[in-house]
2 protein chains.
Amino acid sequence: MSRNNERAKEVRALTKEKNIYYVNVMSSPGAGKTSLLTKLIPELSKEFSIGVIEADIDSDEDALTVERETGVRTIQMHTGGACHITCQMSMEALGALGTDGLDVVFLENIGNLVCPAEFDTGADMNLVLLSVPEGDDKPLKYPLMFEVATAVAVTKLDVAPIFDFDRERAVANVRKRNCAADVFFLCAKTGEGVRALAEYLRNKIKNTNNFIYSGRFSYG
Amino acid sequence: MSRNNERAKEVRALTKEKNIYYVNVMSSPGAGKTSLLTKLIPELSKEFSIGVIEADIDSDEDALTVERETGVRTIQMHTGGACHITCQMSMEALGALGTDGLDVVFLENIGNLVCPAEFDTGADMNLVLLSVPEGDDKPLKYPLMFEVATAVAVTKLDVAPIFDFDRERAVANVRKRNCAADVFFLCAKTGEGVRALAEYLRNKIKNTNNFIYSGRFSYG
């Protein structure tokens, strides 16, 4: 674990050097990470050069989907059974993706609300998805994942009426774990709320030191 | 891991001695393990004496729900951050629950499609849930969980029309990992299919050596 934290510094040094904003996307299996990326990326890809790392234990489905739907450079990483991404894997994946010329890299982590939260990937932010069908109580049961979240995106909002999911209770449960995380409600299928999250990320990307120092954008 | 396998033998010796059929229930977070138990247990509790072990990283919600809804003896185990149940925890939980007079124990494992599959809990069967909103591709992405499944229960079937979930594709994907697992389609909310799974479990319970030798049931 301490070796992982050392490695995280190396990843951050690399992404800083390359002016890359690195986003670690985490959630349960099937919470909609891939679907969200296919809708989020087109909102950002006119302005930023984007790459995607898809991590799965097996199958290439997600990388094929993201590349087909968004046209951005995407690689599939197989963890060989591992339940999370270590910084070693994160670094190797960045190398395999190729970092030259990229502004943003999304890492879609293994679908798992427990272990990925324990391993810093060296990312600049953790975007944690909570899908409506899972229930609004998940922050109570999977505390660390919500503690390490920079932002929480509640997904599959279109089905909220047919599930017992309470938005206020969801926010209150996130707040029990994390008083700072920004919470978004959205639906990748209908597009509802995706633009607000894209705007939030746009600001994050632009306001990293990288972009301020590189002067690639003008502010004000 | 090899110590865990040794411990599994001890758990099985205990459950055999006590004539207990021990069911390990696994799935993603929010796939409906607790909801299914609240509907399944009343189908079995007239005939069998049942106990439930609820495992969570944190919160007592599930144990309170199961005990309130079914009236059966239920304990809450906290794993203190751990992403799975080891046999050591399994043994301790059985001790805390108290095994005397029980015919069946359900262990609701941590919501996680990865790590719990790696640790034999000493259970007689693994019941793996796959919820419709997660998608029919999950057996491709989380191979080991579906390899170790004795039975797979596809849950939240009522929302199948609004999700892109194909029953035949789900079975085909399970079959890529496991040619023997029995697959059930059900909805705990409406009750659809719950009785078929209960009947399947009833046969499993009655046909264990425990019950054959104990002569508690007559066959034919």
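## The contact between two chains, and the fold behind it

Across the interface of chain A and chain B there are 10 residue pairs in polar contact, with both residues at pLDDT 80 or more; a polar contact here is a pair of N or O atoms within 3.5 Å, where, within protein, one atom must be able to donate a hydrogen and the other to accept it, and residues adjacent in sequence count only if both atoms are side-chain atoms. On the side of chain A that touches chain B, the elements that give two or more residues are α3 (61–70) and α5 (138–141) of chain A, where helices (H or I, at least four residues) and strands (E, at least two) are DSSP runs numbered from the N terminus. The largest share of that side, 3 residues, comes from α5(A). By type, the residues of the side of chain A that touches chain B divide into 14 nonpolar, 6 polar and 11 charged, with Ala, Val, Leu, Ile, Met, Phe, Trp, Tyr, Cys and Pro counted as nonpolar, Asp, Glu, Lys and Arg as charged, and the others, Gly among them, as polar.

This is a predicted model, in which local features need pLDDT of at least 70 and side-chain atom pairs count only at pLDDT 80 or more, while totals for chains, interfaces and linings use all residues. Residues are numbered from 1 along each chain as its sequence is written, chains are lettered from A and ligands numbered from 1 in the order in which they are written, and side-chain values use heavy atoms, with hydrogens and water left out.

The contact, meaning heavy atoms within 4.5 Å, takes 31 residues from chain A and 31 residues from chain B. The area buried between the two chains is about 2400 Å², of which carbon and sulfur atoms give 60%; buried area is the accessible area (1.4 Å probe) that two parts lose on being put together, summed over both. Between chain A and chain B there are also 4 salt bridges, each defined as a side-chain nitrogen of Lys or Arg within 4 Å of a carboxyl oxygen of Asp or Glu. Asp62(A), for instance, forms a salt bridge with Lys141(B), and the closest N and O atoms of this pair are 2.7 Å apart.

Of the 220 residues of chain A, 60% count as buried, which means under 20% relative accessible area, whereas exposed means over 50% and partly exposed lies in between (1.4 Å probe, protein chains only).

Helix α4 (residues 87–97) of chain A shows where some of these buried residues lie: they are Cys87(A), Met89(A), Ser90(A), Met91(A), Ala93(A), Leu94(A) and Leu97(A). They pack against α1, β1 (21–26), β2 (50–56), β3 (73–78) and β4 (104–108) of chain A. Just after α4(A), Gly98(A) takes a positive phi of about 85°. In helix α1 (residues 2–17) of chain A, Asn4(A) is buried, with a relative accessible area of 8%, and, leaving aside its neighbours within four places in sequence, Asn4(A) is in contact with Thr86(A), Cys87(A), Phe119(A) and Asp120(A).

In chain B, the side chains of Glu47(B) and Lys206(B) meet in a salt bridge (3.1 Å, N to O). This pair links distant parts of the chain, with Glu47(B) in the loop between α2 (33–44) and β2 (50–56) and Lys206(B) in helix α8 (residues 194–207), 159 residues apart. Within helix α8 of chain B, Glu199(B) and Arg202(B) lie 3 residues apart and form a salt bridge as well (2.4 Å, N to O); Arg202(B), at 16% relative accessibility, counts as buried. In chain A, salt bridges that share partners join Glu47(A), Glu199(A), Arg202(A) and Lys206(A) into one network.
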